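This note is meant for a colleague who is opening the structure for the first time. Please keep the sequence and the model in view while reading the numbered points.

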Amino acid sequence: MKPQILKLVTNGLYKEALHLYTQHLSASLLSNKFTFPPLFKACAKLNSSIQGQTLHTHLIKTGFSHDIYAATALTDMYVKLHCFEYALKVFNEMPDRNLASLNTIISGFWRNGYCEEALIVFKEMFFGLSRPNSLTIATVLPACQNLELGMQVHSLAIKLGVEFDVYVATSLLTMYSNCEEIVLATKVFVKITNKNVVSYNAFFSGLLQNGVPRIVLNVFKDMRNCSEEEQPNSVTLVSVISACANLLYLQFGRQVHGVVMKIEVQFDTMVGTALVDMYTKCGAWQWGYDVFNEMNGSRNLITWNSMIAGLMLNNQSEMAVALFEELEFEGMKPDSATWNSMIRGFSQIGKGFDAFKYFEKMQSAGVELSLKCITSLLPACSVLSALKQGKEIHGLAIRSGISNEEFMATAFIDMYMKCGYSSCARKIFDQFKSKPDDPAFWNAMISGYGRNGENESAFEIVDLMQEEKVKPNSATFVGVLSSCSHTGQVDRGLLVFRMMCKDCDLSPNLKHYSCIVDLLGRCGKLEEAKELIQEMPDPPATAFSSLLGSCRYHLNYELGEEMAMKLSELEPENPAPFVILANIYAAVTGKEVSPFNVCFSGKCITMSFVAAELPESCPIASTKGNSKIHWI
């Protein structure tokens with residue numbers, strides 16, 4: 001009986017193996033200790049705890065429950081079925097234990113969240129007769145929750161001479177990736193001489209997890225060029241396609257799609273869903289929709305959610321609504337992710353009323369409120385200035401017990417600030433006795449106060465942030481500099497700017513430079529503002545616009561002309577700079593300068609005007625009455 005059952009299990013025919021055992025049992029054929037291990041494996045693969053427990057009973061009745069091989073297989077089955085209490089009971093009742101049984105229980109401990117206990121069993125092995133092998137090292141590494149423990153096990157692997165074993169090396173690079181040590185993970189991967197698809201997949205996963213998707217594509221090309229035997233599997237392709245989606249590399253994604261077609265996994269649900277996600281994120285939603293239709297029969301709810309979210313991302317809301325309604329015809333019900341795709345989609349494309357409509361439908365359907373759903377709705381409240389709805393959502397979050405989540409509180413602060421109710425935002429802020437270390441929480445208050453003109457309150461939050469020793473980020477300084485600009489505090493603004501560069505080791509970006517330009521301009525230091533713009537690597541139009549606005553305030557038409565001409569080069573279709581310039585001329589002369597017709601042809605700008613007694617340096621000074629001028 002044993003060879004037949006073993007063959008069926010080896011070939012993945014788990015139900016057939018269990019059925020054969022039942023037939024033999026009915027025929028009163030005797031079992032032996034080798035009959036049960038493959039049957040336990042079959043139960044684990046089928047996720048059938050009932051059949052597993054039935055076989056456990058048969059094992060006891062046949063008198064083989066103390067056999068070390070059968071007991072180890074039984075322990076492994078209970079571990080994989082997440083019945084860890086039963087697994088531990090079987091392990092503790094073993095009269096003898098070997099290396100395999102110890103490896104199994106170590107795996108069971110960390111798989112069920114008992115990492116410290118896994119390490120204790122591992123340490124006890126050194127005081128017993130069992131010497132760890134490569135499988136032991138590979139098994140215990142996932143239990144290492146910090147870099148120090150992981151490096152200790154790595155050192156032990158070197159002493160045992162198993163550090164280059166492909167399974168040990170794969171576990172090592174996974175451990176380093178989880179500890180955000182991607183450089184060490186890469187060093188381990190490079191040293192693996194006999195790389196297999198599992199080691200490639202582990203490395204791809206680590207690279208994506210640590211935010212370096214570009215390397216995934218390079219390694220995938222090496223895999224295709226160097227290893228003809230190791231063909232990518234579904235997990236490989238999903239990782240590579242995800243990297244293309246993150247980088248918006250449509251062309252490379254198309255090439256990977258070609259590989260998918262060649263190795264005939266195009267109807268694999270995971271790969272198909274990844275392709276749908278990649279195409280829609282890259283803006284090629286039509287191709288994503290073609291893949292979605294080709295998957296007919298192998299689509300799951302995640303596939304539908306990806307397609308709906310992708311259509312919303314590409315502003316195809318009508319098609320998304322049609323798919324949402326079609327979902328039930330495939331025998332599936334929308335989950336919280338489906339509803340959130342609709343709500344977030346409508347919110348992002350500015351259709352706040354539709355977002356609220358689907359939110360109400362979701363509530364009627366009895367779907368539990370989620371963090372993502374609330375954070376998707378709050379921007380719609382801000383855009384619509386819908387304070388009433390925002391408060392209702394806040395109430396729901398309080399009743400659901402998620403309002404005190406740091407991320408959620410930040411979102412509510414932002415919403416109240418954008419609706420102009422800073423007092424409500426401050427109440428949420430003050431509810432936290434111990435303030436979060438995340439600068440985003442503080443930034444929402446600083447930028448919110450600045451947006452509402454309460455700049456002194458913004459400075460108060462900055463001072464409190466320093467007292468709490470929260471490290472500011474780039475966005476923090478944008479908010480502070482903006483407040484300094486609006487209050488005319490030049491010295492404080494320049495001090496903050498220097499502190500950002502020297503004390504916080506942050507490189508200023510265009511937003512910071514623009515804030516300083518605005519600050520200097522408001523205070524009449526126009527030449528200094530101009531010099532700062534000239535120092536910027538690639539100054540944006542907003543910097544020139546800001547200085548032009550300052551020129552208008554301080555009636556500096558000469559610098560104003562220079563800024564207007566620069567803006568005409570950057571934004572040739574925008575007439576606003578010359579309207580502002582005309583206003584400067586009018587203020588300088590005390591006479592009306594009314595631009596009432598502006599037309600553009602290449603770099604030539606023609607403006608009709610009414611002007612008199614302008615300074616000689618003005619481009620329109622030599623004209624009389626109702627005339628036309630040309631800037632080339």
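Predicted model: local features only at pLDDT ≥ 70, side-chain atom pairs only at ≥ 80, totals over all residues.

1. How much accessible surface does the protein chain have, and what share of it belongs to carbon and sulfur atoms? The accessible surface comes to about 32,200 Å², and 52% of it belongs to carbon and sulfur atoms. Accessible areas are from the Shrake-Rupley method with a 1.4 Å probe, and for residues only the protein chains shown count as cover.

2. Residues are numbered from 1 along each chain as its sequence is written, and side-chain values use heavy atoms, with hydrogens and water left out.

3. On overall form, the protein chain contains 35 helices and three strands. These elements are DSSP runs numbered from the N terminus (helices: H or I, at least four residues; strands: E, at least two). The C-alpha trace spans about 115 × 55 × 55 Å along its principal axes. The radius of gyration of the protein chain is 34 Å, whereas a compact globule of 632 residues would have one near 26 Å. That radius is taken over C-alpha atoms, and the globule rule is 2.2 Å times the number of residues to the power 0.38.

4. Of the 632 residues, 48% count as buried. Buried means under 20% relative accessible area, exposed means over 50%, and partly exposed is in between (1.4 Å probe, protein chains only). Among contacts in the protein chain with a separation of 6 or more, 57% come from residues 24 or more positions apart; contact means heavy atoms within 4.5 Å.

5. The charged side chains number 54 positive and 63 negative, and the centres of the two sets lie 4 Å apart. Lys and Arg count as positive and Asp and Glu as negative, without His and the chain ends. Each charge is placed at NZ of Lys, CZ of Arg, CG of Asp or CD of Glu.

6. Two loop residues have backbone angles worth checking. Most residues other than glycine have a negative phi. Asn315, in the loop between H19 and H20, has a positive phi of about 60° although it is not a glycine. Leu555, in the loop between helix H33 (541–554) and helix H34 (557–570), likewise is not a glycine and has a positive phi of about 55°. Leu555 is partly exposed, with a relative accessible area of 39%.

7. Thr75, in helix H5 (residues 68–80), is buried at 1% relative accessibility. Leaving out residues up to four places away in sequence, Thr75 touches Ala87, Val90, Phe91, Met94, Thr104 and Ile105. Met125, in helix H8 (residues 115–125), is buried with a relative accessible area of 3%. With the same exclusion of residues up to four places away, Met125 touches Leu99, Leu102, Ile106, Ser130, Pro132 and Thr136. The C-alpha atoms of Met125 and Leu99 are separated by 8.9 Å, and the two residues are 26 residues apart along the chain.

8. Which residues does Gly521 contact, leaving aside its neighbours within four places in sequence? They are Leu526, Ala529, Ser550 and His554. Gly521 lies in helix H31 (residues 510–522) and counts as buried at 0% relative accessibility. Its C-alpha atom is separated by 7.6 Å from that of Ser546, 25 residues apart along the chain.

9. Asp438 lies in the loop between helix H26 (422–431) and helix H27 (439–451), and counts as partly exposed at 34% relative accessibility. Asp438 and Phe407 are 31 residues apart in sequence and 9.3 Å apart in space, C-alpha to C-alpha.
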